[in-house]
Amino acid sequence: MENSIYTMTLNIEILRDMKIAGQEYHIEDIKSIAHDIINKNGKIVIQQEYSNAMPDHVATIENLSQLDEFLKPYFETKN
């Protein structure tokens, strides 16, 4: 994929915190924004951010199936 002018960088801790807090509706909002960016040939960069070090790259998502697969665990409920 060529360089995109549409890039969303997301700290994975935000998703984890929202899941723990039961705020899947916020994850749904993020998913909707990410869908829009990908539909404009953009990409989503997922990273682990730290307060005292450079972030670690977790994933680069460039299509909707990758996005859905990546976010699936954040919508699963425990029995």
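**View 1. Leu-64 and the residues around it.** Setting aside residues up to four places away in sequence, Leu-64 touches His-35, Ile-38 and Asn-39, where contact means heavy atoms within 4.5 Å. Leu-64 is part of helix α3; helices (H or I, at least four residues) and strands (E, at least two) are DSSP runs, numbered from the N terminus. With a relative accessibility of 28%, Leu-64 counts as partly exposed; buried means under 20% relative accessible area, exposed over 50%, and partly exposed in between (1.4 Å probe, protein chains only). From Leu-64 to Tyr-74 is ten residues in sequence and 16 Å in space, C-alpha to C-alpha.

**A note for all views.** This is a predicted model, in which local features need pLDDT of at least 70 and side-chain atom pairs count only at pLDDT 80 or more, while totals for chains, interfaces and linings use all residues. Residues are numbered from 1 along each chain as its sequence is written, and side-chain values use heavy atoms, with hydrogens and water left out.

**View 2. Helix α1 against helix α2.** Here the axes of α1 (residues 12–20) and α2 (residues 24–39) come within 8 Å and cross at roughly 145 degrees. Axes are lines fitted to C-alpha atoms, for helices over the stretch in contact, and angles run from 0 to 180 degrees between N-to-C directions. On the α1 side, the contact is made by Ile-14, Leu-15, Met-18 and Lys-19; on the α2 side, by Glu-24, His-26, Ile-27 and Ile-30. These residues divide into five nonpolar, one polar and two charged. Ala, Val, Leu, Ile, Met, Phe, Trp, Tyr, Cys and Pro count as nonpolar, Asp, Glu, Lys and Arg as charged, and the others, Gly among them, as polar.

**View 3. Helix α1 against helix α3.** The axes of this pair come within 9 Å and cross at roughly 30 degrees. Ile-12, Leu-15, Arg-16 and Lys-19 of α1 meet Phe-70, Leu-71, Pro-73, Tyr-74 and Phe-75 of α3. By class, seven residues of this contact are nonpolar, none polar and two charged.

**View 4. The largest nonpolar core.** This core has 18 residues, and those with the most contacts inside it are Leu-15, Ile-44, Ile-46, Ile-61, Phe-70, Leu-71 and Tyr-74. A nonpolar core is a set of buried Ala, Val, Leu, Ile, Met, Phe, Trp, Tyr and Cys residues joined through side-chain atoms within 4.5 Å. The elements giving two or more residues to the core are β1 (7–11), α1, α2, β2 (43–48), β3 (56–61) and α3 (64–75). Its largest share, five residues, comes from α2. Leaving aside neighbours within four places in sequence, Leu-71 is in contact with Leu-15, Ile-27 and Lys-31.

**View 5. Gln-47 in strand β2.** Gln-47 has its place in strand β2. At 16% relative accessibility, Gln-47 counts as buried. Not counting residues up to four places away in sequence, Gln-47 touches Thr-9, Leu-10, Asn-11, Ile-12, Pro-55, Asp-56, His-57 and Val-58.

**View 6. Asn-41 in a loop.** Look between α2 and β2 to find the loop that holds Asn-41. Most residues other than glycine have a negative phi. Asn-41 has a positive phi of about 65 degrees although it is not a glycine. With a relative accessible area of 55%, Asn-41 is exposed.
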